[in-house]
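Please look through the sequence and the model shown here before reading on. The briefing that follows is meant as a careful guide for a first reading.

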Amino acid sequence: MTRILRRAWDFPAAPGAPARVWRDWALVGILALGALLEALLRPDLPWRWPTLVFELGLIATLLWRRTHPGPMVVLAFGALVVMDTVRQIAGVRPTDSYALVAMLVLIYALVRWGSGRHLFAGGTVILLSMVRTFLADAADLQNVIGGIAVVAVCVSLGAAMRYRAAARLQRLAQVRLEEREHLARDLHDTVAHHVSAILLRAQAGLITAGTDPAAAHEALRVIEDEASQSLREMRSMVRVLRDDTPAHRSPTAGVAELRALANGDGEPPVTLALHGELDSATATALNAAYRIAQESVTNARRHAQRASLIELTVTASTDRIGIRIHDDGLPASAAGSGFGIEGMKERAALLGGTCIAGPDPDGGWTVTADLPTASATR
């Protein structure tokens, strides 16, 4: 039991809690305006102006509800208990205020973002506040049940959203791991190709060394080039390899596969434009360009509504390869689940490049990637 409690106490806060954005200020402004109007228009509101100041203070805690959910709940609900106790001692019956909807937002934020110790501390204060309220108004069973139901809904909603976000983060981590493994296997194939070439040239040089010194010299030059390229590819592979899974051999994609992607069956059709000296580009960069293009075309065909054409453009320079995939469909659903896009971004980042996907200002959906060649990342 002690171990379970310790693990619950040390449970981490939900990652990625966003800082304050304009929507938070808008929410606080709307609730503050509502509190002001209530103070001006409700004749049955006791302690009108002190109550207004108190409610504005409670509403202000919403600005820190994500980054400090536990302290904000303790502060708000603790102050509410004190305020209600003072009213009871003064013989003033507490009156429900519409501005106290902020308390429900705090409960949701506590469950959605709080750590284990925040949940313990905040939950304890919330429970004490509810017990005190129910004891003060025990005759009205309907209000008691209704209050419990509302709090339960807030807790359930916060837990559901937290679970959903955690499941998505776990899936994204799996996608990134799989992309690293795929890229490491592709790099393995490229290195194996260069090593095979080195071996063949070395054997040829040994055979011709005695009779044709010029041929042996040429073999050594090729070996030097291939070894340098292999070393660069090997460094890339070490950076991305994350487990001991054997690297199974598979064909390395290149210009021919890009042309086959455009000539293959499927709707909408794909047009291909190749610019620059693609044949001189490194195998790693070409393979990554093909994988990104393949994923982008697949996403467009699955998710882009009313698309009639997919344009694929690949441009190679001395040290970069640029890819642009554009479809003319409706961009609202073109991204799908987002996991394919994360995989493309991860692959590009592992090679030192970038990949951006999103709605195009001129309509449709566009994916652009900029990849350095191995020679550019030495």
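**Overview**

The secondary structure of the chain comes to 11 helices and 5 strands, where helices (H or I, at least four residues) and strands (E, at least two) are DSSP runs numbered from the N terminus. This is a predicted model, in which local features need pLDDT of at least 70 and side-chain atom pairs count only at pLDDT 80 or more, while totals for chains, interfaces and linings use all residues. Residues are numbered from 1 along each chain as its sequence is written, and side-chain values use heavy atoms, with hydrogens and water left out.

**The sheet**

- An open sheet of 5 strands has the order β1-β2-β3-β5-β4 with mixed pairing, and two strands count as paired if DSSP finds at least two bridges between them.
- The edge strands of this sheet are β1 (270–275) and β4 (354–359), each of which pairs on one side only.
- Strand β3 (residues 320–327) and strand β5 (residues 365–372) pair in the antiparallel sense over 8 bridges, and Arg 324 stands opposite Thr 368 in β5.

**Helices on the sheet**

- Helix α10 (residues 283–303) packs on the sheet and touches β1, β2, β3 and β5, a contact being heavy atoms within 4.5 Å.
- The direction of α10 makes about 10° with that of β3; axes are lines fitted to C-alpha atoms, for helices over the stretch in contact, and angles run from 0 to 180 degrees between N-to-C directions.
- Helix α9 (residues 255–263) lies across β1 and β2 (310–316), and runs at about 150° to β1.

**Burial and contacts**

- Of the 378 residues of the chain, 38% count as buried, on a scale where buried means under 20% relative accessible area, exposed over 50%, and partly exposed in between (1.4 Å probe, protein chains only).
- Among contacts in the chain with a separation of 6 or more, 75% come from residues 24 or more positions apart.

**Two loop residues with positive phi**

- Most residues other than glycine have a negative phi.
- Trp 47, in the loop between α2 (22–41) and α3 (48–60), has a positive phi near 50°, and this residue is partly exposed, with a relative accessible area of 33%.
- Arg 306, in the loop between α10 and β2, has a positive phi of about 60° although it is not a glycine, and Arg 306 is exposed, with a relative accessible area of 74%.
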